Amino acid sequence: MINVGVLGATGAVGQRFVQLLANHPWFRLTTLTASERSAGKRYQDVVNWRLDVPFPEEVGSLVVEPTNVSAVSDLDIVFSALPADIATTLETDIAAAGVGVCSNASSHRMDSDVPLVVPEVNPDHLGLIDVQRDRGTDGFIVANPNCSTIVLCLSLAPLMPFGFSHLTVATMQAISGAGFQGIPAMEIYDNVVPYIGSEEEKMEREPLKIMGSFDGSEIRDAPFKVSASCHRVPVIDGHTMAVWADTPAPVAEVIEAYRTYAPPISGLPHLPAESVHYTDESTRPQPRLDRNRGGGMTVSVGRMREGLRYVAMGHNTIRGAAGASVLNAELIVSKKYV
Ligand SMILES: NC(=O)C1=CN([C@@H]2O[C@H](COP(=O)(O)OP(=O)(O)OC[C@H]3O[C@@H](n4cnc5c(N)ncnc54)[C@H](OP(=O)(O)O)[C@@H]3O)[C@@H](O)[C@H]2O)C=CC1
Ligand SMILES: N[C@@H](CC(=O)OP(=O)(O)O)C(=O)O
């Protein structure tokens with residue numbers, strides 16, 4: 001068993017980490033951290049458990065640690081669900097102390113030596129860990145992308161062989177994406193908010209790195225352009241997006257590619273049976289009906305039309321956040337980096 005911890009374990013993403021790690025077959029969850037407000041108390045006494053799954057009693061008596069290097073320096077891997085401003089320095093310091101950091105935070109995603117990984121899409125980018133280790137530490141940072149970016153990139157995986165030069169995407173993002181304190185009920189109930197700070201910029205640049213090529217020392221960006229418009233909608237979990245790609249590929253061939261898509265990895269506990277599920281139903285995918293497919297790890301795609309136009313949807317705090325990091329860690333272990 002590999003000893004792991006969660007930074008920011010009381011938050012929206014932190015709770016998902018705890019859900020996924022409490023009974024993990026490879027990882028032993030020994031350490032939970034949060035802010036000074038929560039430190040020193042038992043997790044079950046301090047966490048306001050808001051997930052739609054039962055509280056994992058087995059970790060309830062763990063005492064929450066303050067979030068600092070010494071709290072986690074004897075672990076093999078830490079999962080970071082910290083606000084980005086806190087993650088920036090802390091993740092670097094933890095990696096320098098010899099610990100592997102699998103991060104949800106946006107702080108290091110675009111660093112040239114940090115792999116930005118979706119395991120089914122760019123598992124080879126983990127080679128950047130060796131570039132980080134050339135600096136003389138066993139520790140490393142591996143980031144997972146923004147939650148909307150992950151759903152978009154998985155939905156693109158079967159489409160890549162057809163080629164395109166310009167993507168347009170309009171998102172409908174769940175309120176859990178803003179964190180537990182993120183958006184007041186009075187703003188989102190009976191409403192749509194057509195702005196999410198920095199989200200469009202992330203969706204426009206992260207896919208180019210993820211879909212880029214790795215030559216053993218650096219990533220060369222993929223040669224397409226993304227135009228994004230991001231919107232908050234009154235859905236609890238599940239980011240939906242309408243996508244337009246400028247390819248003349250025949251719809252029937254594209255749908256067949258989705259149906260037969262097989263990722264280049266296997267044998268990881270959180271790899272779902274289907275990473276991308278194509279549905280023929282004209283009113284799907286829908287967040288309420290489809291977000292828990294594959295334990296929340298499957299991205300659902302439908303409404304493929306000439307143009308090429310389609311709709312994609314994925315669970316933002318599982319596939320888009322905690323589940324993405326856990327799958328990254330499983331890939332890291334399977335490739336013997338830990
Ligand atoms: N929500 C989502 O869908 C996604 C979120 N992310 C990213 O994941 C990270 C966490 O987001 P989310 O879970 O939504 O945020 P939340 O606000 O729900 O949780 C924040 C967590 O960080 C802790 N924390 C806050 N301030 C400090 C501090 N000064 N020192 C140490 N710990 C602190 C909190 O502890 P306490 O309870 O004690 O205050 C809590 O555990 C962010 O970087 C976010 O951008 C990434 C992808 C998707
Ligand atoms: N901004 C995303 C969630 C998030 O925190 O993204 P990032 O990890 O890129 O900061 C949303 O609101 O749905």
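This briefing covers helix packing, ligand surroundings and selected backbone features of the structure above.

The model is predicted: local features need pLDDT of at least 70, side-chain atom pairs count only at pLDDT 80 or more, and totals for chains, interfaces and linings use all residues. Residues are numbered from 1 along each chain as its sequence is written, chains are lettered from A and ligands numbered from 1 in the order in which they are written, and side-chain values use heavy atoms, with hydrogens and water left out. Helices (H or I, at least four residues) and strands (E, at least two) are DSSP runs, numbered from the N terminus.

**Helix packing**

- Two packed helices are described by the angle between their axes and the distance between the axes. Axes are lines fitted to C-alpha atoms, for helices over the stretch in contact, and angles run from 0 to 180 degrees between N-to-C directions.
- Angles under 35 degrees count as roughly parallel, over 145 as roughly antiparallel, 65 to 115 as roughly perpendicular and the rest as oblique.
- Helix H6 (residues 147-156) and helix H8 (residues 199-210) have axes that come within 9 Å and cross at roughly 45 degrees; H6 and H8 are therefore oblique to each other. Their crossing is right-handed, a term for the near helix being turned clockwise from the far one by less than a right angle, with anticlockwise giving left-handed.
- In this contact (heavy atoms within 4.5 Å), H6 contributes Cys 147, Ser 148, Thr 149, Leu 152 and Cys 153, while H8 contributes Glu 199, Lys 202, Met 203, Glu 206, Pro 207 and Ile 210. The residues of the H6 and H8 contact comprise six nonpolar, two polar and three charged; Ala, Val, Leu, Ile, Met, Phe, Trp, Tyr, Cys and Pro count as nonpolar, Asp, Glu, Lys and Arg as charged, and the others, Gly among them, as polar.
- The axes of H6 and H11 come within 8 Å and cross at roughly 90 degrees, which makes H6 roughly perpendicular to H11. Cys 147, Ile 150 and Leu 154 of H6 make this contact with Arg 319, Gly 320 and Ala 324 of H11. By class, four of these residues are nonpolar, one is polar and one is charged.
- Helix H1 (residues 12-21) and helix H11 (residues 318-334) have axes that come within 9 Å and cross at roughly 50 degrees, so H1 is oblique to H11. The crossing of H1 and H11 is right-handed.
- From H1, Val 13, Arg 16, Phe 17, Gln 19, Leu 20 and Leu 21 meet Ile 318, Ala 321, Ala 322, Gly 323, Ser 325 and Val 326 of H11. The contact of H1 with H11 has eight nonpolar, three polar and one charged residues.

**Ligand surroundings**

- Around ligand 1 there are 27 residues, counted when a heavy atom lies within 4 Å of the ligand. Thr 10, Ser 35, Arg 37, Ser 38 and Leu 82 come nearest.
- Polar contacts are pairs of N or O atoms within 3.5 Å; within protein, one must be able to donate a hydrogen and the other to accept it, and residues adjacent in sequence count only if both atoms are side-chain atoms.
- Oxygen atoms of ligand 1 feature in contacts with backbone polar atoms of Ala 12 at 2.9 Å and of Val 13 at 2.8 Å. A polar side-chain atom of Arg 37 is 2.6 Å from an oxygen atom of ligand 1.
- Glu 199 places a polar side-chain atom 2.6 Å from a nitrogen atom of ligand 2.

**Backbone features and loops**

- Most residues other than glycine have a negative phi, and most peptide bonds are trans.
- The peptide bond from Arg 284 to Pro 285 is cis, with omega near 5 degrees. Pro 285 is in the loop between strand E12 (276-279) and helix H10 (287-290).
- A cis peptide bond also runs from Gly 307 to Leu 308, with omega near -5 degrees. Leu 308 belongs to the loop between strand E13 (299-305) and strand E14 (309-314).
- Glu 306 is likewise found in the loop between E13 and E14. Leaving aside neighbours within four places in sequence, Glu 306 is in contact with Ala 249 and Val 251.
- Ser 198, in the loop between helix H7 (185-188) and H8, has a positive phi near 65 degrees.
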